[in-house]
Amino acid sequence: MNGHRGSILLVDDEEKILKALGRALRAAGHEVVETTNPRQALRLLAERPFDVLVVDNIMPETSGLDLIREFVAGGGEGRTDVRDARTAPPAAARGNGASAERGRQSAGSGRPEREVQGRVEGPQIVMMTAHATVESAIEAMKLGAFDYLQKPFEIDELLVVVDRALDHQRLRTEYRYLLSERDEQFDHYGIIGRSRAMVDVIRRAERVAETKSTVLITGETGTGKELVARAIHDRSAQRHMPLIKVNCAAIPETLLESELFGHVRGAFTGATTTKKGKFALADGGTIFLDEIGTMTPALQSKLLRVLQEREFEPLGAERTEKVDVRVIAASNRDLRQMVSDNRFQEDLFYRLNVIPIEIPPLRERREDIPPLVEHFVRKHAQRTGRRVERIEDGVLSALQQYDWPGNVRELENTIERAVVLSPGPVITARAVSVIGTATPQTTGLPSLKLRQNIEWVERETIRRALDSASGVKKEAAELMGISQRALSYYLAKYRLD
């Protein structure tokens with residue numbers, strides 16, 4: 001026996017049997033609640049959680065099967081969980097096996113899987129039956145029971161079944177936890193934001209995750225392009241298959257082709273073995289090509305072929321390999337401009353740009369800074385074992401004034417440094433290195449592109465007017481010398497709250 005401790009609810013109308021089973025289970029270290037009344041059992045199940053319910057089938061007031069049926073109908077269907085998805089043997093075959101093993105047959109080894117999510121957690125159910133037939137027990141397992149014991153049985157048999165039931169209960173709890181973690185991936189991967197722009201990014205990522213469409217994520221360095229790619233993969237039907245990441249800018253030109261498509265032995269000097277490429281490794285899953293704009297024209301042509309034909313040839317190979325993979329590409333460069341400058345293939349751009357997701361820089365969504373700061377303080381305080389109670393007055397507003405050229409990555413590095421360097425439980429302005437060292441609200445234009453500069457000036461003017469007017473739109477419009485209707489247009493245009 002594995003020694004797991006658990007809470008057990010015992011239901012049997014025979015007081016003598018009830019006490020004997022209760023003593024044995026307590027001696028094994030379990031917490032046991034006993035009742036001879038099925039109605040009382042249902043009340044107890046509603047009032048508190050149990051790990052295992054052991055119930056007799058034949059009772060004068062209500063049968064064990066009826067109790068299980070009523071419990072399931074009343075919300076206890078959380079009973080059903082992760083099992084082997086194998087077909088249950090027919091009742092006749094189960095009956096023969098039952099008599100050979102004193103009637104004990106594990107539901108965990110034969111019952112077909114019935115996975116139910118989002119329901120009330122309930123105990124594992126073990127039914128006791130004194131009859132030679134096991135039809136009621138099989139019916140109980142169809143309702144979600146874990147196992148049954150045919151009387152008479154040895155106490156050791158009960159202890160073994162309870163231990164196995166506790167194993168399943170623990171595994172089910174872990175499984176449900178993992179499901180909840182997966183369902184909250186967008187927060188867990190740091191994609192945090194209240195701004196309309198980030199809400200739109202998250203919604204689009206959630207929608208595209210349901211498909212296998214190619215995605216192009218654009219945004220400045222440090223905005224979180226890889227986080228979005230990971231979130232898309234982890235929400236997709238291919239989440240159990242690999243997500244292979246390739247930073248095209250970090251791999252030398254001469255090695256990138258071999259890295260992506262693999263090579264056979266002798267393909268080039270030093271190729272002493274055959275090596276699988278990243279596309280082959282990602283087969284059935286997702287490949288994330290970061291900094292796609294650094295790829296050479298020759299490699300762009302080969303990538304285009306993969307996207308068009310879903311096939312490639314490893315270096316030195318004579319045979320073509322088929323691949324089933326979703327491509328997510330990312331770039332901090334203006335690929336459309338690179339196409340105009342003949343530095344990026346137009347056909348490849350349109351093949352990649354099926355579902356575009358643009359992540360705005362942090363300076364354009366300053367309202368996201370407070371929740372990001374809170375998230376990073378909590379994350380790095382936990383990671384470093386430091387106690388952080390609060391941030392010094394004025395620090396948060398100063399962080400919101402800074403333009404964050406390195407975006408979310410720079411903000412996280414700043415907060416991590418502040419958590420480590422703060423001498424006490426309060427993060428001070430002294431510990432936040434960007435405060436006082438960088439000029440807030442930089443007045444220089446962001447680029448040499450006329451349209452981009454005009455949009456930047458419009459956006460900054462609106463933001464400052466709203467700040468000066470404490471968010472009152474009528475006053476902000478008057479400060480800018482425009483109508484409220486015009487202000488509403490600009491707010492919608494730039495997705496400003």
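Axes here are lines fitted to C-alpha atoms, for helices over the stretch in contact, and angles run from 0 to 180 degrees between N-to-C directions. Helices (H or I, at least four residues) and strands (E, at least two) are DSSP runs, numbered from the N terminus.

This is a predicted model, in which local features need pLDDT of at least 70, side-chain atom pairs count only at pLDDT 80 or more, and totals for chains, interfaces and linings use all residues. Residues are numbered from 1 along each chain as its sequence is written, and side-chain values use heavy atoms, with hydrogens and water left out.

**Stop 1: two helices**

Select H15 (residues 369-384) and H17 (residues 407-421). Their axes come within 9 Å and cross at roughly 45°. H15 and H17 are therefore oblique to each other (under 35 degrees is roughly parallel, over 145 roughly antiparallel, 65 to 115 roughly perpendicular, the rest oblique). Now show the side chains where H15 and H17 are in contact (heavy atoms within 4.5 Å). From H15, pick among others Leu 372, Phe 376 and His 380. From H17, include Leu 411, Ile 415 and Val 419. The residues of this contact divide into 10 nonpolar, two polar and three charged (Ala, Val, Leu, Ile, Met, Phe, Trp, Tyr, Cys and Pro are nonpolar; Asp, Glu, Lys and Arg charged; the others, Gly among them, polar).

**Stop 2: aromatic rings**

Rings of Phe, Tyr and Trp (its six-membered ring) pair if their centres lie within 6.5 Å; planes under 30 degrees apart are stacked, over 60 edge-to-face, the rest tilted. The count by this rule is six aromatic pairs. Select Phe 261 and Phe 279: their ring centres are 5.5 Å apart and their planes at 10°, so this pair is stacked. Phe 261 is in H10 and Phe 279 in H11, so the pair ties together parts 18 residues apart in sequence. Phe 261 is buried at 3% relative accessible area (buried is under 20%, exposed over 50%, partly exposed in between, with a 1.4 Å probe and protein chains only). Phe 279 is buried too, at 0%.

**Stop 3: backbone**

Go to Pro 152, in the loop between E6 and H6. The peptide bond from Lys 151 to Pro 152 is cis, with omega near -5°. Next, select Arg 310, in the loop between H12 and E10. Its phi is positive, near 55°. Finish at Trp 404, between H16 and H17. Trp 404 has a positive phi of about 50°, and it is buried, at 0%.
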